[in-house]
Amino acid sequence: MALNVELLESSFAQIKVNSLEVTKQFYTVLFTNYPEVQPLFANTNMEKQRKQLFQSLVFTVNNLGKPDVLSGALRGLGTRHTQYGVLPQHYPMVGSSLLKAFEVSLGTDWTPDVQQAWIEAYVVVTQLMLKGADYSPESLILTGEQTMDTIALVPNNSLITETPEEGRQLAVKLARLIVKLTQPDEEKRKQLREVYGNDAMMLIAIGQTVATEFATIAAANNYWKELGNA
């Protein structure tokens with residue numbers, strides 16, 4: 001994905017002027033809209049955390065033209081975040097809250113083009129961090145009050161399908177199973193549909209999850225090359 005580096009840099013130059021307010025706004029939105037993430041910060045010095053967050057943003061924007069440097073750093077950041085208890089479903093929450101903080105900071109300068117540029121940038125950041133995270137199956141199993149019965153995450157224990165269309169449908173099903181695993185409460189899932197249904201960042205994240213699942217399924221089926229030779 002080609003990022004609009006010029007627009008990202010120019011808009012971030014404005015955001016940097018109010019870095020303290022931006023980070024305060026970010027965590028206010030994050031904890032208000034997604035209170036379930038607050039336990040992750042139970043023993044955190046929030047003043048230090050806000051500074052580290054903005055330093056990470058500065059580093060990212062400053063290295064948009066250096067993909068090798070940025071890729072390595074973000075993968076490492078993703079690895080470290082697993083140690084803090086961060087899970088894949090937290091990334092859209094953070095992205096949505098961050099973009100809201102940027103929107104408040106930029107005001108009328110938060111145009112549709114600026115919004116799209118930051119959505120695309122966060123998608124790339126998320127992809128790189130998740131590559132570095134390398135979550136084990138055990139880390140995705142909920143514990144305590146959220147423990148649920150075991151879910152068969154791969155139906156019939158096979159990724160083999162007869163056609164690409166069936167593979168795509170399986171990808172959607174696998175993505176839904178991950179959602180069910182991470183939020184076993186059906187009533188809460190119904191409530192959240194209204195939230196992510198109106199959130200561009202979350203909708204993009206959902207599409208990415210399905211695309212990732214489909215890529216795995218396609219590889220398992222040798223990209224259905226036998227169909228082309230039939």
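## Starting at a loop

Select Tyr223 to begin: you'll find this residue in the loop between H9 and H10. Keep in mind as you click around that you are looking at a predicted model. Tyr223 has a positive phi, near 55°, and it is a residue other than glycine.

Now step back to Asn222, which is in that loop too, between helix H9 (200-220) and helix H10 (225-229). Asn222 is not a glycine, yet its phi is positive, at about 55°. Is Asn222 buried, partly exposed or exposed? Its relative accessibility is 42%, so it counts as partly exposed.

## Across to Thr163

Next, pick Asn221 and Thr163 together. Along the sequence these two are 58 residues apart, but from C-alpha to C-alpha the gap is 9.0 Å. Thr163 sits in the loop between helix H6 (112-133) and helix H7 (164-182). With 28% relative accessibility, Thr163 counts as partly exposed.

Show the side chain of Thr163 and the backbone of Glu166. What lies 3.2 Å from the backbone nitrogen of Glu166? The answer is a polar atom of the Thr163 side chain.

## Where two helices cross

Colour residues 19-33, which are helix H2, and residues 46-62, which are helix H3. Their axes are 10 Å apart, and the two helices pack at an angle of about 110°. That angle falls within the range of 65 to 115 degrees, so H2 and H3 are roughly perpendicular to each other.

To see where they meet, show side chains on both. H2 brings Ser19, Leu20, Thr23, Lys24, Phe26, Tyr27 and Phe31 to the contact, while H3 brings Met46, Gln49, Arg50, Leu53 and Phe54. Sorted by type, the residues of this contact are seven nonpolar, three polar and two charged.

Time to look inside. In soluble globular proteins, nonpolar side chains tend to be buried together. Here, the largest nonpolar core has 38 residues, and the ones touching the most other members are Leu30, Phe102 and Trp118. Helix H1 (5-17), H2, H3, helix H4 (67-83), helix H5 (90-106) and H6 each give this core at least two residues. Which helix supplies the largest share? That is H6, with nine residues.

Zoom in on Trp118 and display what surrounds it. Setting aside neighbours within four places in sequence, Trp118 is in contact with Leu8, Ser11, Phe12, Val61, Leu99, Phe102 and Trp110. There is also a second, separate core, made up of nine residues, including Ala171, Leu174, Val210 and Trp224.

Select Asn63, in the loop between H3 and H4. Is Asn63 buried or exposed? It counts as buried, because its relative accessibility is 8% and the cut-off for buried is under 20%. Leaving out neighbours within four places in sequence, Asn63 is in contact with Val69 and Leu70.

Finish at Gln89, which you'll find in the loop between H4 and H5. Gln89 has a relative accessible area of 22%, so this residue is partly exposed.

Methods: Residues are numbered from 1 along each chain as its sequence is written. This is a predicted model: local features need pLDDT of at least 70, side-chain atom pairs count only at pLDDT 80 or more; totals for chains, interfaces and linings use all residues. Side-chain values use heavy atoms; hydrogens and water are left out. Helices (H or I, at least four residues) and strands (E, at least two) are DSSP runs, numbered from the N terminus. Buried means under 20% relative accessible area, exposed over 50%, partly exposed in between (1.4 Å probe, protein chains only). A polar contact is a pair of N or O atoms within 3.5 Å; within protein, one must be able to donate a hydrogen and the other to accept it, and residues adjacent in sequence count only if both atoms are side-chain atoms. Axes are lines fitted to C-alpha atoms, for helices over the stretch in contact, and angles run from 0 to 180 degrees between N-to-C directions. Angles under 35 degrees count as roughly parallel, over 145 as roughly antiparallel, 65 to 115 as roughly perpendicular and the rest as oblique. Contact means heavy atoms within 4.5 Å. Ala, Val, Leu, Ile, Met, Phe, Trp, Tyr, Cys and Pro count as nonpolar, Asp, Glu, Lys and Arg as charged, and the others, Gly among them, as polar. A nonpolar core is a set of buried Ala, Val, Leu, Ile, Met, Phe, Trp, Tyr and Cys residues joined through side-chain atoms within 4.5 Å.
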